[in-house]
Amino acid sequence: MSKHAWQADYDALIKFHRSGEYLKLIEEAQSILERFPQVEPLWSLVGISAIAAGDDETAFSALSQAIDLAPLKPAVHNNLGLLLRKLGMSAEARAAFEAAINLEPSYPDALTNLGNLLTSEGSYKHARDVYSTCIALNPAYGKSYYNLAKLYVLMDQTAEAIATFKLASTHLPNSAEVH
C-alpha cells in the first residue's frame, strides 16, 4: 500500500512535535495545510501542538477544522475537550469528552479526561464511576488506576487508595509519579 501524498510532510511535522518545537511545527504546517486542507491528521497535529505552545486561538481553529473533517473520530473530540478544559470551559469540555465516548465507549483517554474533569469539579462519585468504567473496559490502562487512586485520597478512602496505587504501579512501572 502506498503512502498518502501528505504523509512525508506529516512525518516531518511529527519530528517537530516530538522535540517540543511546537511553534516551528505550526509555522511549517501552514504551507502544508494550503496543499492538503482536507487532511484531518494534519489539523489535529497542529491543534495539539498549539495547545502545548499555549496558542489557544490556533488550537481551537485547527481542532474545529479537524472535527469538521472527521466528526466520527473520537480523538478529535477528546483533543478539543482538553483545550476547552484548559480554557475553563468545563461544560463544553465535558460535552467534547462525552462526544468522544459516545463514538467509542471504551476510549481510555476520553474516559480518563472526563474523570479528571469531574474530579476537578468535585463530582467524586461520578468521577469514580468513570474511572472504574475505563478500568473495566481497558484493564491495562494505567492512567485510570493512578487517577482513581488519587481520587480515593481526595475521598479519604485510604485503603482503596493504597490498593489502587499498587495496581497503578503494576501498569505504570516506569512512572515516577506512581512510585
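Helices, here numbered from the N terminus, are DSSP runs of at least four residues. The legends below describe a predicted model.

Figure 1. The predicted model has 10 helices and 0 strands. From the N terminus on, the order of elements reads α-α-α-α-α-α-α-α-α-α. The C-alpha trace spans about 55 × 35 × 30 Å along its principal axes. The protein has 179 residues, and 44% of them count as buried. Among contacts with a separation of 6 or more, 44% join residues 24 or more positions apart.

**Figure 2. Surface and charges of the protein.** The accessible surface comes to about 9400 Å². Carbon and sulfur atoms hold 55% of that surface. The protein carries 14 positive and 20 negative charges.

**Figure 3. Leu42 in helix H3.** Helix H3 covers residues 40–53, and Leu42 lies in it. Is Leu42 buried or exposed? Leu42 counts as buried because its relative accessible area is 0%, and the cut-off for buried is under 20%. Which residues does Leu42 contact, leaving aside its neighbours within four places in sequence? They are Trp6, Tyr10, Leu13, Ile32, Leu33 and Phe36. Ala62 is 20 residues from Leu42 along the chain. The C-alpha atoms of Leu42 and Ala62 are separated by 8.8 Å.

**Figure 4. Ala149 in helix H9.** Ala149 has its place in helix H9, which runs over residues 142–154. Ala149 is buried, since its relative accessible area is 0%. Neighbours within four places in sequence are left out of the next list. With those set aside, Ala149 is in contact with Ala161, Thr164 and Phe165. Ala159 is 10 residues from Ala149 in sequence. In space, the two are 9.8 Å apart, C-alpha to C-alpha.

**Figure 5. Thr164 in helix H10.** This view turns to one of the contact partners of Ala149. Thr164 is found in helix H10, residues 158–171. Thr164 counts as buried because its relative accessibility is 7%. Not counting residues up to four places away in sequence, Thr164 touches Tyr145, Leu148, Ala149 and Tyr152. Ala149, one of these, belongs to helix H9.

**Figure 6. Asp156 in the loop between helices H9 and H10.** Where does Asp156 lie? Asp156 sits in the loop between helix H9 and H10. Most residues other than glycine have a negative phi. Asp156 is not a glycine, yet its phi is positive, at about 60 degrees. Is Asp156 buried or exposed? Asp156 counts as exposed because its relative accessibility is 67%, and the cut-off for exposed is over 50%.

**Figure 7. The largest pocket of the protein.** The volume of the largest pocket is about 160 Å³. Its lining consists of Asn78, Leu82, Arg85, Asp109, Thr112, Asn113, Asn116, Tyr141 and Lys143. Which elements give two or more residues to this lining? They are helix H5 (74–86) and helix H7 (108–120). Which element provides the largest share of the lining? H7 does, with 4 residues.

Methods. Residues numbered from 1 in each chain as written. Predicted model: local features only at pLDDT ≥ 70, side-chain atom pairs only at ≥ 80, totals over all residues. Heavy atoms only, no water. Buried < 20%, exposed > 50% of the residue type's maximum accessible area, 1.4 Å probe, protein only. Contact = heavy atoms within 4.5 Å. Areas by Shrake-Rupley, 256 points an atom, 1.4 Å probe, with all protein chains shown as cover. Lys, Arg positive; Asp, Glu negative; His and termini not counted. Charge placed at Lys NZ, Arg CZ, Asp CG, Glu CD. 1 Å grid on protein atoms, 1.4 Å probe; cavity = no way out; pocket = protein on both sides within 12 Å on 5 of 7 lines; lining within 4 Å. Points joined across faces, edges and corners; volume = space filled by probe spheres on them.
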